[in-house]
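Hi,

Here is the structure I promised to pass on to you.

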Amino acid sequence: MSVYKALTIAGSDSGGGAGIQADLKTFQELGVYGMSVITAVTAQNTLGVQGVYPMNAEAIEQQLASIGDDLSPDALKTGMLFSGEIIRIVAAAIQNYKWKRIVVDPVMIAKGGASLLQQEAIDAMIHSLLPLADVVTPNIPEAEALSGMQITDSESRQQAAKRIHLYGCKNVMIKGGHEVNTEHATDLLYDGKTFTEFSSRRLVTKHTHGTGCTFAAAVTSGLAQGLTTKEAIQLAKRFIQAAIAEPLHIGSGHGPTNHWAYQRGVRASNADLEDIFVNEDVFIRGAR
């Protein structure tokens, strides 16, 4: 039996809804052996982030070496990297160990508004990490920060995706969860030639803590098992749709998603799971 392995390089969420904890739960639910490199410890819950405590460079380098020397991953994702120094350390390890199938979730701001990425780190991410990425998964505010432009409609989202793609990443996936007044949450994938939309019915709920981490971890799980980028994204859309459709209702603020809903199928209607459609045709014109 083949055992697929996935690595998450990210921060720890003491509340368990995002970060390392969300990634490992996702890997486990999707049948992938999960490993971790912790870049920072956060004190947080559903009400917000109360503290961020980055690991020192030696601790991060040693964790990366421990994985690289014995448990080489089939795919990996990065999450909260906090500083330019940490980003450069991670990028150097990816190159040194020749790790493939890299998913970069450019975590910048927590649900409650706390900054999780220092401003100087954006430049390091653009020049050191994004050129190594197979998929980068920014939400709309993160895509605006990376592209240096405001996203107001589908045309500006396409332009932002093109700008981010120029940094050297193979695929740019701008998530649509931050859109307002739309019936569907539509994510836009750009591979350098073609735009593809992945849409699902929008679910109105405050229990969305960790959706970005969970989505990127699901993509990573799919890539680790040999799925194509589009197949991995479709898997991730279904996984996160189920996780949001069946909330846990814990905490007093932005509650976590339900990582076991996809496998167990508890009370999430077929429509919630099957209303995922892919549009590969509409945006081909003018994509080059």
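There are 4 salt bridges in the structure, a salt bridge being a side-chain nitrogen of Lys or Arg within 4 Å of a carboxyl oxygen of Asp or Glu. Please keep in mind that this is a predicted model, in which local features need pLDDT of at least 70 and side-chain atom pairs count only at pLDDT 80 or more, while totals for chains, interfaces and linings use all residues. Residues are numbered from 1 along each chain as its sequence is written, and side-chain values use heavy atoms, with hydrogens and water left out.

One of the salt bridges joins Asp 23 and Lys 77, with N to O at 3.0 Å. Asp 23 sits in helix α1 (residues 19–29) and Lys 77 in strand β4 (residues 75–78), so this pair ties together parts that are 54 residues apart in sequence. Helices (H or I, at least four residues) and strands (E, at least two) are DSSP runs, numbered from the N terminus. Both partners are buried: Asp 23 has a relative accessible area of 0% and Lys 77 is at 1%. Here buried means under 20% relative accessible area, exposed over 50%, and partly exposed in between (1.4 Å probe, protein chains only).

Another salt bridge runs between Lys 175 and Asp 105, whose closest N and O atoms are 3.9 Å apart. Lys 175 is in the loop between β7 and β8 (184–190) and Asp 105 in the loop between β5 (102–104) and α4, which puts them 70 residues apart. Lys 175 counts as buried at 11% relative accessibility, and Asp 105 does too, at 2%.

Asp 134 and Lys 170 also form a salt bridge, at 3.2 Å between the closest N and O atoms. Asp 134 belongs to the loop between α4 and β6 (135–136) and Lys 170 to the loop between α6 and β7, so they tie together parts 36 residues apart in sequence. Asp 134 is buried, at 16% relative accessibility.

What about disulfides: how many are there? The count is 0, taking a disulfide as a pair of cysteine sulfur atoms within 2.5 Å. Cys 169 is buried at 1% relative accessible area, and Cys 213 is buried at 13%.

Next, the aromatic rings. The search of the whole structure gives 3 aromatic pairs. Rings of Phe, Tyr and Trp (its six-membered ring) pair if their centres lie within 6.5 Å; planes under 30 degrees apart count as stacked, over 60 as edge-to-face and the rest as tilted. Tyr 97 and Trp 99 have ring centres 5.1 Å apart and planes at 20 degrees, so this pair is stacked. Tyr 97 is partly exposed at 23% relative accessibility, whereas Trp 99 is buried at 5%. Tyr 190 and Phe 195 are stacked as well, at 4.4 Å centre to centre with 20 degrees between the planes. Tyr 190 is buried at 5% and Phe 195 at 0%.

Finally, helix α5 (residues 140–147). Its buried residues are Ile 140, Glu 142, Ala 143, Leu 146 and Ser 147. Down the helix axis they fall within an arc of 155 degrees, so they line one face of α5; the arc is that of the directions from the helix axis to the C-beta atoms. These buried residues pack against α4 (119–129), α6 (154–165) and β7 (171–174), where contact means heavy atoms within 4.5 Å. After α5 comes Gly 148, with a positive phi near 70 degrees.

Best wishes
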